Amino acid sequence: MAELTWYEPETLEEALPLLEREGVYPHGGGTFLLMGGLKKVKGLIDLDRLPLRRFQATKSFVELGSSLTYAEVTENIEKTDPGHVLLKALSCAASTPLRNRITVGGTVSSFPAWSDLLGPLVALEAEVVTAGANGGIFPIDRYAKEPALRRKTLVTAVRFARRVWDSYYHREVRTRFDYPAFTVTVLSRRSEEMIEDVRIVVTGCSGKFARLMPLENLFRGKPAKPADGREISKRADVRFPAKKGLDADYLAHCFRVALHRGLAQVTGETPAGEGDV
Ligand SMILES: Cc1cc2nc3c(=O)[nH]c(=O)nc-3n(C[C@H](O)[C@H](O)[C@H](O)COP(=O)(O)OP(=O)(O)OC[C@H]3O[C@@H](n4cnc5c(N)ncnc54)[C@H](O)[C@@H]3O)c2cc1C
């Protein structure tokens, strides 16, 4: 294996020109880079010295610096928003040693279909803040679907509006330490007996992820009561590729079960906030 050069910039001004070099890539937690075997990699930019490890929660928004690990996100968000969907999702992802390494920026820049971060961020309508060739602010769903935006570009933060949601998160796994075959995120808010707002996202499906807007519209602004099962199926027509030795139809069945549990929370059939992770 060819020798790797490590770069250790201390400011963004030092880091950004390094992205222009052929074969030189940012290093977050390194967990995805290592899985890829570092075939094309000539050099790595260690992001640890950059000021990207900041967690900020104001009254109106939450900003996650891109170098925060999953463990640091959960540790911080537990203090400001216990019950937050990111706490439910990230505290179950991978294993403890991996959660101490996997970063927000590295995940957003690779977004594997098994990611536990993608579904919650899409449901939260998060924005990705970047610097470099494609510097700017992008909606998370666009960033996940357009890999071209990631070329020679550094993710510096992810941010989303700070609002109170009842949240449900399900990861479909065979064993506790397994990549999820799919995930379901449901956020909802009720006032009196009305459903004020709802967001429903599935990941790991064909097309990698989907926000189920037609299904959301069945509930949003309506009285909190169970909806017609056939109408739910029609509006949640999600397909899955066969994976992990699991048949596509079987995964679709498991998805419907998880979705039903998430929707029960929206309509108040189970106590708010109760997921099945
Ligand atoms: C065995 C195993 C099990 C796992 N299980 C899960 C799981 O259950 N759930 C889950 O959510 N995740 C899981 N993961 C993690 C997931 O697969 C990715 O490896 C991880 O999200 C990548 O994050 P990272 O910080 O390690 O990225 P890195 O490996 O450091 O980087 C990934 C890519 O992003 C680029 N990059 C890194 N940081 C930045 C940045 N700030 N800006 C721009 N580009 C950047 C790199 O150059 C590289 O191309 C697992 C990983 C392993 C190895």
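Start with a hairpin: S6 and S7 are joined through three residues. Strands here are DSSP E runs of at least two residues, helices are H or I runs of at least four, and both are numbered from the N terminus. Two strands pair if DSSP finds at least two bridges between them.

Before going on, note what you are looking at. This is a predicted model, in which local features need pLDDT of at least 70 and side-chain atom pairs count only at pLDDT 80 or more, while totals for chains, interfaces and linings use all residues. Residues are numbered from 1 along each chain as its sequence is written.

**Stop 1**

Select 127-132 for S6 and 136-139 for S7. The two strands pair antiparallel over four bridges. Find Thr130; its bridge partner in S7 is Gly136.

Val128 has Val158 as its bridge partner in S8.

**Stop 1**

Which residue of S8 stands opposite Glu63? Arg159 does.

A hairpin through three residues connects S4 to S5.

**Stop 2: the parallel sheet**

Select S1, S3 and S2. They form an open sheet of three strands in the order S1-S3-S2, with parallel pairing. S1 (5-7) and S2 are the edge strands; each has a single partner, so one side of each is left without a neighbour in the sheet. Neighbouring strands are turned by 30° against each other on average, direction ignored. Axes are lines fitted to C-alpha atoms, for helices over the stretch in contact, and angles run from 0 to 180 degrees between N-to-C directions.

Zoom in on S1 and S3 (43-46), which pair over three bridges. Tyr7 has Ile45 as its bridge partner in S3.

**Stop 4**

Select the ligand and the residues around it. A residue is near if its C-beta atom, placed from the backbone, lies within 6 Å. There are 31 such residues, and Gly28, Gly29, Gly105, Gly106 and Ser109 come nearest. Which element gives the largest share? H6 does, with five residues.

Colour the shell by class: 16 residues are nonpolar, 13 polar and two charged. Nonpolar covers Ala, Val, Leu, Ile, Met, Phe, Trp, Tyr, Cys and Pro; charged covers Asp, Glu, Lys and Arg; the others, Gly among them, count as polar.

**Stop 3: two domains**

Colour 1-38 + 49-163 as domain 1 and 166-267 as domain 2. These bounds come from an automatic or database domain assignment. The C-alpha centres of the two domains lie 25 Å apart.

At the interface, 17 residues of domain 1 are in contact with 16 of domain 2. Contact means C-beta atoms, placed from the backbone, within 7 Å. On the domain 1 side, H4 (85-90) and H7 (118-123) each give two or more residues. H7 has the largest share of that side, five residues. By class, that side has 10 nonpolar, five polar and two charged residues.

**Stop 4: the four-stranded sheet**

Select S9 to S12. The sheet is open, ordered S9-S10-S11-S12, with antiparallel pairing. S9 (166-171) and S12 (208-211) each have a single partner strand, so one side of each lacks a neighbour in the sheet. The twist averages 10° from one strand to the next.

S9 meets S10 (183-191) over six bridges. Tyr169 stands opposite Thr185 in S10. Then show H11 (248-267), which packs on the sheet and touches S9, S10 and S11 (194-205). The direction of H11 makes about 15° with that of S10.

Four bridges join S11 to S12. Cys205 is partnered by Lys208 in S12. In their hairpin, with two residues between the strands, Gly207 takes a positive phi near 85°.

**Last stop: confidence**

Colour by pLDDT, the predictor's confidence in each residue from 0 to 100. The chain mean is 94, and 97% of residues reach 70 or more. Over 271-277 the pLDDT is below 50, and this stretch has 18 contacts in the model beyond near neighbours in sequence. Where pLDDT is low, the predicted coordinates should not be read in detail.

Definitions and conventions:
Two residues are in contact if their C-beta atoms, placed from the backbone, lie within 7 Å.
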